[in-house]
Amino acid sequence: MPPLELAADCSRCHALCCVLLPYRREGGFGADKPGGVACHHLRTDDRCEIHADLRDLGWPSCVAFDCFGAGQHVTQVTYAGASWRDASGEGELGEMAAVLSTLRRVHEMLLHLGEVAERSPDPAADALAERLLVLRDGTPVEILTADLDDLQEECGDVLGAASRRVRRPAGPDLTHADLAGRDLRRHDLRAASLRGALLIGADLRGVAFGPADLLGADLRGADLRGADLSEALFVTGPQLAGARTDESTVR
């Protein structure tokens, strides 16, 4: 695949996530907001007035959020630089929101497929990535009428096959396991499948994950101080942003 922008660049986006997406206080945001309404901290230049203090002021989920580069792509490519401020009404804002949400999923899939290309190349992964790139550059109608659930299921199968190849011999299968709040420091998680595992508040200090599969694992509040995730599969920035890390965490 060609080099892709798969991390947010807010300087090239018209603050789409701060306007188009809804959020709630209990979800780690400082207030409740419906979709299509600008956050009350958004300035007229589409920058956040409390960006430097988001976590301290009760907005940790803003810190953890990453559109995987979908925001600037929607702004610069899909809508050719047009802002949400140019929308003629709720219908256009709703379309932009749906396109952003769809392309965020597409970009996340591309991120993981890029990891497959680096660690265990697979023609099926390359072919799927090419299809996703075509979809990404489509019109809003083409983007919103694609069968994204089928694409995501296909991507999951491709990632699962790569995971099994990389993790051979495989560690324990803890897929979707409820490990919230558990002390896992003495557990051997090297090459484990932790896909979709609930690890909220788990004590993972000093754990060496090896090539463990962490696709979709919920790491909110997990203590990863001293943990070694340098070989772990399918770990994203938002996952780590929600965990407790320090300078001894190896990523």
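User: What does V74 touch, leaving out residues up to four places away in sequence?

Analyst: In this predicted model, V74 touches L16, Y79, V99, L100 and L103.

User: Where is V74 found, and is it buried or exposed?

Analyst: V74 sits in helix α3. Its relative accessible area is 0%, and buried means under 20%, so V74 counts as buried.

User: How far is V74 from D137, in sequence and in space?

Analyst: The two are 63 residues apart in sequence, while their C-alpha atoms are 9.2 Å apart.

User: Back to α3. How many of its residues are buried?

Analyst: Helix α3 covers residues 70-78, and seven of its nine residues are buried. Those are A70, G71, Q72, H73, V74, T75 and T78.

User: What covers them?

Analyst: The cover over the buried residues of α3 includes α1 (16-20), α4 (90-119), α5 (123-136) and α6 (140-145).

User: What about the backbone just after α3?

Analyst: A80, just after the helix, has a positive phi of about 50 degrees.

User: Changing topic: which residues gather in the patch of negative charge on the surface?

Analyst: That patch is formed by D147, D150, E153 and D157.

User: Where is D147 placed?

Analyst: D147 lies in the loop between α6 and α7, the latter being residues 148-166.

User: And why is D147 called partly exposed?

Analyst: Because its relative accessible area is 44%, and partly exposed runs between the 20% limit for buried and the 50% limit for exposed.

Key:
Residues numbered from 1 in each chain as written. Predicted model: local features only at pLDDT ≥ 70, side-chain atom pairs only at ≥ 80, totals over all residues. Heavy atoms only, no water. Buried < 20%, exposed > 50% of the residue type's maximum accessible area, 1.4 Å probe, protein only. Helix = DSSP H or I, 4+ residues; strand = E, 2+ residues; numbered from the N terminus. Contact = heavy atoms within 4.5 Å. Patch = residues over 30% accessible without salt bridge, like charges linked within 9 Å, V, L, I, M, F, W, Y side chains within 5 Å. Areas by Shrake-Rupley, 256 points an atom, 1.4 Å probe, with all protein chains shown as cover. Salt bridge = Lys/Arg side-chain N within 4 Å of Asp/Glu carboxyl O. Lys, Arg positive; Asp, Glu negative; His and termini not counted. Charge placed at Lys NZ, Arg CZ, Asp CG, Glu CD.
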